[in-house]
Each structure stands twice: as structure tokens, then as C-alpha cells.
Amino acid sequence: MKKKNKIYPILWDEEEQKLVIIDQRKLPNKYEEITVEDIETAETSIKELAIRGAPAIGIFAGYSIFIHIRKAHTKEELIKHSNLVCKDLNELSNIFLENG
């Protein structure tokens, strides 16, 4: 996200209360941002490699769970959302291991 002449690959926008990432699939030809406000967008961003690099993916996963903690109405919903993000991270790490 562009903010005050700086580019952040992941940014929690405190004012807007949303997570914004750079869609890395579009780089370097195009600059696009993805706003992550639900588990579906978080899942898709991980699975489709819109967010890349182990540190960025780890930070993104933490923020994704944070977003869903705020939206979860029950303990079961929170566990379900957290498990989905963790499952996606596990699948992603397996892909990297298989491809060396």
C-alpha cells in the first residue's frame, strides 16, 4: 500500500480498520492492492500467491487471524477461521517442499 511516499507490501490501515496488501501477481507491470476483510479473501490471497515470501506470508496470516478474531461471534467460529488460515499455510509450504 502506498502511504506518505512509501510502499508497504502489507499494511494495517488503523483509520479504515482494514488490511491492505500489494497483489504481487501483478508486479512488476502493474500495481494493484487487495483489501482483506474476510477469511475468503485471505484464503484466496495465500492460495493464489498474491502474497509471497515467508516473512510476508507469516505476517499476513497473523493479521488475517486478527481480522477474524474481531468478527468471530463464537469460539467455534474463531477456531474454524484460524484452522483455515493454518491449513492454507501448510498446503503452501508443501508445494514449496515438493518443488525444491
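1. A residue counts as buried when its relative accessible area is under 20%. By that cut-off, 33% of the 100 residues of the protein chain are buried. The model is a predicted one, and the points below should be read with that in mind.

2. The accessible surface of the protein chain comes to about 6,600 Å². Carbon and sulfur atoms hold 54% of that surface.

3. The secondary structure consists of three helices and five strands.

4. Among contacts in the protein chain with a separation of 6 or more, 48% are between residues 24 or more positions apart.

5. Helix 1 covers residues 39-47 and helix 2 covers residues 54-71. The two pack at an angle of about 165°, and their axes are 10 Å apart. Angles over 145 degrees count as roughly antiparallel, and helix 1 and helix 2 are therefore roughly antiparallel to each other. Their crossing is left-handed.

6. Which residues of helix 1 meet helix 2? On the helix 1 side they are I39, A42, S45 and I46. Their partners in helix 2 are F60, S64 and H68. Sorted by type, the residues of this contact comprise four nonpolar, three polar and no charged.

Terms used: Residues numbered from 1 in each chain as written. Predicted model: local features only at pLDDT ≥ 70, side-chain atom pairs only at ≥ 80, totals over all residues. Heavy atoms only, no water. Axes fitted to C-alpha atoms, helices over the stretch in contact; angles between N-to-C directions. Helix = DSSP H or I, 4+ residues; strand = E, 2+ residues; numbered from the N terminus. Parallel < 35°, antiparallel > 145°, perpendicular 65-115°, else oblique. Left-handed = near helix turned anticlockwise from the far one by under 90°. Contact = heavy atoms within 4.5 Å. Nonpolar A, V, L, I, M, F, W, Y, C, P; charged D, E, K, R; others polar. Buried < 20%, exposed > 50% of the residue type's maximum accessible area, 1.4 Å probe, protein only. Areas by Shrake-Rupley, 256 points an atom, 1.4 Å probe, with all protein chains shown as cover.
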